[in-house]
Amino acid sequence: MFDLHLPIPPTAYARGIPPHFPLGDTDPDHRFALTLSRRAPADLMSGRAAPLVLAHFATLAEAMQGAIDHSEGLDPGAAPQFLVILDREARLVLAGAASDCAVAWCHPVTSAAEARGVVTEASQLRAQAGRAATWGEPDLAQRLRHRADLLDARLVDPLWRGFAARALQVAA
């Protein structure tokens, strides 16, 4: 799933300092929104699970670079953050896990049959996570939920599947 290694360009940002996105990044007329997925149990229970919009971008390439810039501001030992790129209609364009100055993009599914398989596998992992939590294994449960989230990140909207796959090839 994370077989794409993106080169890390040199940066002027100090570690631990969040990057500054260019002016106009809050323009909702821009097509792509870089969001931070909030899936913590407290967020889910409080109804705040909607993604946090970090910035808006005119192109997918700019949004991908914005995600990399965001990852450069993360602490080296911090848990990975799920970054999601959405279009104007809140359709999933691309998603990945950001940590330690890099983003591991999840390759989109290529067909409806593959998407069904991904949904089935993610559901099974979440069921296993529930059982692990019941058995008093919170670390195992967290790892299983994380794997399920990575699978869900592959469920790119059918409109964007080919385009996102090509963007990842170009980025490689």
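Author: In this predicted model, ring pairs join Phe 32, Trp 160 and Phe 163 into a cluster. The structure holds two aromatic pairs.

Reader: Why is the pair of Phe 32 and Trp 160 called edge-to-face?

Author: A pair of aromatic rings is described by the distance of the centres and the angle of the planes. Here the ring centres of Phe 32 and Trp 160 are 5.4 Å apart. The cut-off for a pair is 6.5 Å, so the two rings pair. Their planes meet at 65 degrees. Edge-to-face requires over 60, so the label holds.

Reader: Which parts of the chain does that pair link?

Author: Distant ones. Phe 32 sits in strand S1 (residues 32–36). Trp 160 is in the loop between helix H4 (138–152) and helix H5 (161–171). The two residues are 128 residues apart.

Reader: How do you know whether Phe 32 is buried or exposed?

Author: Its relative accessible area is 4%. Buried means under 20%, so Phe 32 is buried.

Reader: And what makes Trp 160 count as buried?

Author: The value for Trp 160 is 9% relative accessibility. That is under 20%, so Trp 160 counts as buried too.

Reader: Where is Ala 55 found, and why does Ala 55 count as buried?

Author: Ala 55 belongs to strand S2 (residues 52–57). Its relative accessibility is 1%. With the limit at under 20%, Ala 55 is therefore buried. The C-alpha atoms of Ala 55 and Phe 32 are separated by 8.5 Å. Along the chain these two residues are 23 residues apart.

Reader: Now Ser 71. Why is Ser 71 called buried?

Author: Ser 71 lies in helix H2 (residues 60–72). Its relative accessible area is 0%. Buried needs under 20%, so Ser 71 qualifies.

Reader: What does the side chain of Ser 71 reach?

Author: The backbone nitrogen of Ala 102, at 3.2 Å. Leaving aside residues up to four places away in sequence, Ser 71 touches Ala 98, Ser 99, Asp 100, Cys 101, Ala 102 and Val 103.

Reader: Cys 101 is on that list. What makes Cys 101 count as buried?

Author: Cys 101 has 13% relative accessibility. The limit is under 20%, so Cys 101 counts as buried. Cys 106 has 0%, so Cys 106 is buried as well.

Reader: How many disulfides are found?

Author: Zero, in a search of the whole structure. A disulfide would need a pair of cysteine sulfur atoms within 2.5 Å.

How values were computed:
Residues numbered from 1 in each chain as written. Predicted model: local features only at pLDDT ≥ 70, side-chain atom pairs only at ≥ 80, totals over all residues. Heavy atoms only, no water. Buried < 20%, exposed > 50% of the residue type's maximum accessible area, 1.4 Å probe, protein only. Phe/Tyr/Trp six-rings, centres within 6.5 Å; stacked < 30°, edge-to-face > 60°. Helix = DSSP H or I, 4+ residues; strand = E, 2+ residues; numbered from the N terminus. Polar contact = N/O pair within 3.5 Å; in protein donor to acceptor, adjacent residues only side chain to side chain. Contact = heavy atoms within 4.5 Å.
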